[in-house]
Amino acid sequence: MLHFGTPISSDTKSSTTAAVPFGSPVPASGTKSSTTAAVPTFTILATKSDRISKKKLTEPKFSLGAEFLLLLENDWRKMKWGAEVRETLMESVRSFQPAAETVTTARVLLIGPVGAGKSSFISSVQSVFSGRVINRAMVGSSSSTSFTKKLRSYNIRGAGEKADEPTALVLCDVMGVGEGEGTGLTLHDALSVIKGHAPEGHQFSPEQPVGAETAGFVRKPSTNEKVHCVVFVIDGSRVGSYAKSFGATFQQLREHISNLGVHQVAVLTHVDQVCSASRSDITKVYRSQAIQQAMVKAGELLGMATSYIVPVKNYCSALDLDQNTDILLLKAVDHILQYVNLYFQDNSD
Ligand SMILES: Nc1nc2c(ncn2[C@@H]2O[C@H](COP(=O)(O)OP(=O)(O)OP(=O)(O)O)[C@@H](O)[C@H]2O)c(=O)[nH]1
Ligand SMILES: [Mg+2]
């Protein structure tokens, strides 16, 4: 059985390298170059009797999770907001079809540390299509053990009057990856899900890896049953304090997943806790230097260029939908679907 930390055999490694289409660890300088263009000027939003020295303005001190008050003058990633943008994105997701004749739905797996917001992301995307905030995938509270224990697949669809409007998107929820060995999802089980061997509803247990003896084991999964894209979900407010072992775990996982020809992207959650200005106005998300830096940190953790990472604010405490929060979530889905179709392009004969 493969655990995180198990060395990758030389065979796997060589073919992995050949198959890895992206995501080789990005040197800090490379990552920086995509973002430094936006750095020059800052606007101070609140003063808080802050005796801000000149040094602080030019070299802002980054403290993750703290209230951070600096905003860049211009967005470092172009983004449009408003009702029309929301409707266009909704339509684009609704009309999405996997670029493969035999496949009806795109299966997307969310993987990430315990409590990162995987289930919340599924519920939030479902909320956007339902027209109201709902808890589809059960959400826990931040703790050291995963709240989600079973493999659950959610077809994103309209609710109420729009119940007959399913999208071709299926989001798969699994147990979170733990900090220590033997806690949370194992590498073996993560790969079993991606290959389509794990049955729906499978209860994860590090002592009982998915195998031929697992009830409902899918011996020969069809392309429909396999995962077509993996989304790493990282908590932006904790990205600076994750255990060092996570970096090795994720990079090992990424090598194996790339070897299966499955593309990966990442979603940075909890951005409302990284930047207070973005909490009150989510359209500031791409002006926040704290969020920008959290994305760079997430890229370093995952060995992934920041262009693969998108920020989101999940619906957690709000009871009503917000147009711009919807847009950020829909943008994330749109981003994911681009990489889903690369899977079909790569695997079409
Ligand atoms: N403020 C804020 N809280 C969030 C966000 N996303 C998730 N949360 C909260 O984080 C906690 C964990 O969320 P879950 O969705 O259960 O996380 P998970 O990754 O599914 O966790 P496990 O199933 O335990 O691995 C919950 O209390 C959520 O309400 C976010 O974007 N912003
Ligand atoms: Mg969960």
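How many nonpolar, polar and charged residues does the lining of the second largest pocket have? This report answers that question and then turns to ligand 1.

## Basis of the report

This is a predicted model, in which local features need pLDDT of at least 70 and side-chain atom pairs count only at pLDDT 80 or more, while totals for chains, interfaces and linings use all residues. Residues are numbered from 1 along each chain as its sequence is written, chains are lettered from A and ligands numbered from 1 in the order in which they are written, and side-chain values use heavy atoms, with hydrogens and water left out.

## The second largest pocket

The lining of the second largest pocket has 6 nonpolar, 15 polar and 1 charged residues. Here Ala, Val, Leu, Ile, Met, Phe, Trp, Tyr, Cys and Pro count as nonpolar, Asp, Glu, Lys and Arg as charged, and the others, Gly among them, as polar. A pocket is an open set of points on a 1 Å grid over the protein atoms alone, where a 1.4 Å probe fits, with protein on both sides within 12 Å along at least five of seven lines; lining residues have an atom within 4 Å of a point.

The volume of this pocket is about 300 Å³, counted as the space filled by probe spheres set on the points, which are joined across faces, edges and corners. Of its 22 lining residues, Gly115, Gly117, Ser120, Val139 and Gly140 lie nearest the centre. Helix H5 provides the largest share of the lining, 3 residues; helices are DSSP runs (H or I, at least four residues), numbered from the N terminus.

## Ligand 1 and its shell

Ligand 1 takes up the space of the second largest pocket, a placement that requires more than half of its atoms within 2 Å of the grid points. It is surrounded by 22 residues, each with a heavy atom within 4 Å of the ligand.

Polar contacts are pairs of N or O atoms within 3.5 Å. A polar side-chain atom of Ser120 is 2.6 Å from an oxygen atom of ligand 1, and a polar backbone atom of Ala116 is 3.1 Å from one.

Notes
A polar contact is a pair of N or O atoms within 3.5 Å; within protein, one must be able to donate a hydrogen and the other to accept it, and residues adjacent in sequence count only if both atoms are side-chain atoms. Helices (H or I, at least four residues) and strands (E, at least two) are DSSP runs, numbered from the N terminus.
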